Amino acid sequence: MKRNKLWRLRTEEYSKAAFETLSEEGLSGTTVEKVAKRAGVSKTNVLHYFGNKARLLEMALRYGNADLAREVSALLIRSNTPWERVYSVIEANFSRQFFTPKIAHAWLSLLAEIPYNPSYQRIQTAIHQRMRSNLMHALEQLADRERAEEVALAISVMIDGLWLRCGLHEGGIGRETALQQMELLMESLFPNSPERLAAKARIDEIQSILNPG
């Protein structure tokens, strides 16, 4: 049991180091040696846990995804209405902690490899399925299923696009601008909705308490 716990701690530590290295160096500049140096261990030690660079980068992608998933969950468990659940997904995806150019760079470096890497494809598919599930659970209480599917896809695509802009735009797009763009989308989809606006305000307040900036 103690050995398994140590294994989990080490793999998480090295996955974090790999994700942070990606954010600064990009995919081509990320090496096992640089990850090991960031983690304060030898290259041999890192390879002992991952075997090769490809597996290390896969775990870096999983690490970044797990952090975001925890952020979403922290808001969802505090949500009381369908609209609050929708805004939990939106707000968490633009968290002050995660929505930064550096982290966006790391994601883009990995996502560029998805068409050529089945493991990355599976992870990204799981990410999109989880987002769809979280959104649909709420939206089906606000609209019929067909409309809920359309809105869930629109929100998901908008989130992906804003992360892309954050990573590619010189200087990055900021959290506030991203949330403003999301609100333009939400207002166009569900105009003049006091319940929606009240939910947005409450989730924004909860997020500011959980992650003060």
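Tutor: Gladly! Just after α3, G51 takes a positive phi of about 90°. Helices here are DSSP runs (H or I, at least four residues), numbered from the N terminus. This is a predicted model, where local features need pLDDT of at least 70, side-chain atom pairs count only at pLDDT 80 or more, and totals for chains, interfaces and linings use all residues. Residues are numbered from 1 along each chain as its sequence is written, and side-chain values use heavy atoms, with hydrogens and water left out.

Student: What makes the buried residues of α3 line one face of the helix?

Tutor: In α3 (residues 43-50), V46, Y49 and F50 are buried, meaning under 20% relative accessible area with a 1.4 Å probe and protein chains only. Seen down the axis, these buried residues fall within an arc of 85°, so they line one face. The arc is that of the directions from the helix axis to the C-beta atoms. On the other side, T44 and H48 are exposed, that is, over 50%.

Student: Why are α4 and α10 called oblique to each other?

Tutor: The axes of α4 (residues 53-76) and α10 (residues 194-210) cross at roughly 125°. Angles under 35 degrees count as roughly parallel, over 145 as roughly antiparallel, 65 to 115 as roughly perpendicular and the rest as oblique. The pair is therefore oblique.

Student: And what makes α6 roughly perpendicular to α8?

Tutor: The axes of α6 (residues 101-111) and α8 (residues 145-168) come within 8 Å and cross at roughly 105°, which makes the two helices roughly perpendicular.

Key. Axes fitted to C-alpha atoms, helices over the stretch in contact; angles between N-to-C directions.
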